[in-house]
Amino acid sequence: MNRPTPVSARLPEFTWDALEAAAALAAAHPGGLINLSIGTPVDPVPPSIRQALADASDAPGYPLTAGSPALRAAMAAWAARACGADPEGLGVLPVVGSKELVAWLPTLLGIGSQDVVVVPSVAYPTYEDGARLAGATVVRADSLTALGPTPRVRLVWVNSPGNPTGRVLPAPHLRKVVDWARERGAVVASDECYLPLGWEAEPVSVLSPQVCGDSYDSVLAVHSLSKRSNLAGYRAGFVAGDSALVAELLKVRKHAGMIMPAPVQAAMVTALADERDATEQRERYRARRAVLRAAFTAAGFTVEHSEAGLYLWLTRGEDCWATVDWLARRGILVAAGALYGPAGARHVRVALTASDQHVAAVADRLAG
């Protein structure tokens, strides 16, 4: 009996499985492992958000896939404040963590084997994973001229501030991408999960009039509360932009059961309105970034880009796996740049998400 080819056969090795050997080496350090690889939040969820979750926990009925009226209003209001968006005509939709939307967006848009998805040359692996799940062809490119006459481009991913590089794309660059895509009937999806974390540059949303003009046509922006509000465990994100595209996503997601739980929707309303705790968290990351940047620079690393976001993009001018090993022997686990594409083969990504105690320990170990 011939069985169909497993869907998993379309996908590469899971990103973090590739670091298992380095993690074991780092764990053998006398001081224990300090994990700067994944970038998972370690600070507490703000009490007001936890209370909102608890208050909404008696939720026996099915929640709305589109999000509660309160949540839809909160998402639109936040996009207006943080992205410069006009709530009028803006489509918004909650998603079960931004990674879920990133992975399934090509499929939800009807992209298939005859289509092309463009991703940055060094990029979050799930952009390519999502294209593979849909059976599409992936092209890595950072400029429109590099694409040449590539036919059938249906989706272009941009990511600013970038993961892993921390690079910020200026508004004129983003505007050119949007104009190019509109001329060809393609969609621009902008992953803006790190938008609030500008350090040496001010990130611009694709929803800003500087980028999309007076229309959200063909434009989607993906946002997350995982880093801003420490809600990675809640799986709380949303997509905003072209109302027709958002309506199509909603139709498919209703059939697929892609629904954010009602208590999480309530918590998200509180989180989106909470600028005080978000600002405090941002300042924690700013302080940790300063310590780690100085420590790695003093240890001979070169910091490239990293002007925004949750990571430092570092190189010692050698193969990234050699750098991963060098750091693992000091009990420090980082992400190999090659996991983000061939162009990252001589870099490593360092997350700012360790505790203050662990950040100080990293500095001590690098100085030792």
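I began with the rule that helices (H or I, at least four residues) and strands (E, at least two) are DSSP runs, numbered from the N terminus. With that in hand, I looked up P164 and found it in the loop between β5 and α6.

Before going on, I noted that this is a predicted model, in which local features need pLDDT of at least 70, side-chain atom pairs count only at pLDDT 80 or more, and totals for chains, interfaces and linings use all residues. I also noted that residues are numbered from 1 along each chain as its sequence is written, and that side-chain values use heavy atoms, with hydrogens and water left out.

**Loop between β5 and α6**

I checked the peptide bond from N163 to P164 and found it cis, with omega near 20°. P161 is found in the loop between β5 (153–159) and α6, and I saw that a cis peptide bond, with omega about -5°, joins S160 to P161.

**A171 in α6**

I then turned to A171, which lies in helix α6 (residues 171–184). A171 counts as buried because its relative accessibility is 10%, where buried means under 20% relative accessible area, exposed over 50% and partly exposed in between, for a 1.4 Å probe and protein chains only. Leaving aside neighbours within four places in sequence, I found A171 in contact with V204, Q210 and V211, contact meaning heavy atoms within 4.5 Å. I also looked up A171 and V206, which are 35 residues apart in sequence and 8.0 Å apart in space, C-alpha to C-alpha.

**Helix pairs**

I looked next at helix α3 (residues 69–83) and helix α9 (residues 262–273), whose axes come within 9 Å and cross at roughly 25°. That angle makes α3 roughly parallel to α9, since angles under 35 degrees count as roughly parallel, over 145 as roughly antiparallel, 65 to 115 as roughly perpendicular and the rest as oblique. The axes are lines fitted to C-alpha atoms, for helices over the stretch in contact, and the angles run from 0 to 180 degrees between N-to-C directions. On the α3 side I listed A70, L71, A74, M75, W78 and R81, which meet Q265, M268, V269, L272 and A273 in α9. The residues of this contact divide into nine nonpolar, one polar and one charged, with Ala, Val, Leu, Ile, Met, Phe, Trp, Tyr, Cys and Pro counted as nonpolar, Asp, Glu, Lys and Arg as charged, and the others, Gly among them, as polar.

For helix α1 (residues 20–27) and α11, I found axes that come within 8 Å and cross at roughly 25°. The two helices α1 and α11 are therefore roughly parallel to each other. Their contact is made by A22, L25 and A26 of α1 and by V324, D325 and A328 of α11.

**R289 and S306**

I found R289 in helix α10, where R289 counts as buried because its relative accessibility is 9%. Not counting residues up to four places away in sequence, R289 touches W199, E200, S306, E307, L312 and L352. I followed that list to S306, which lies in the loop between β9 (302–304) and β10 and is buried, with a relative accessible area of 0%. Phi of S306 is near 60°, a positive value in a residue other than glycine.
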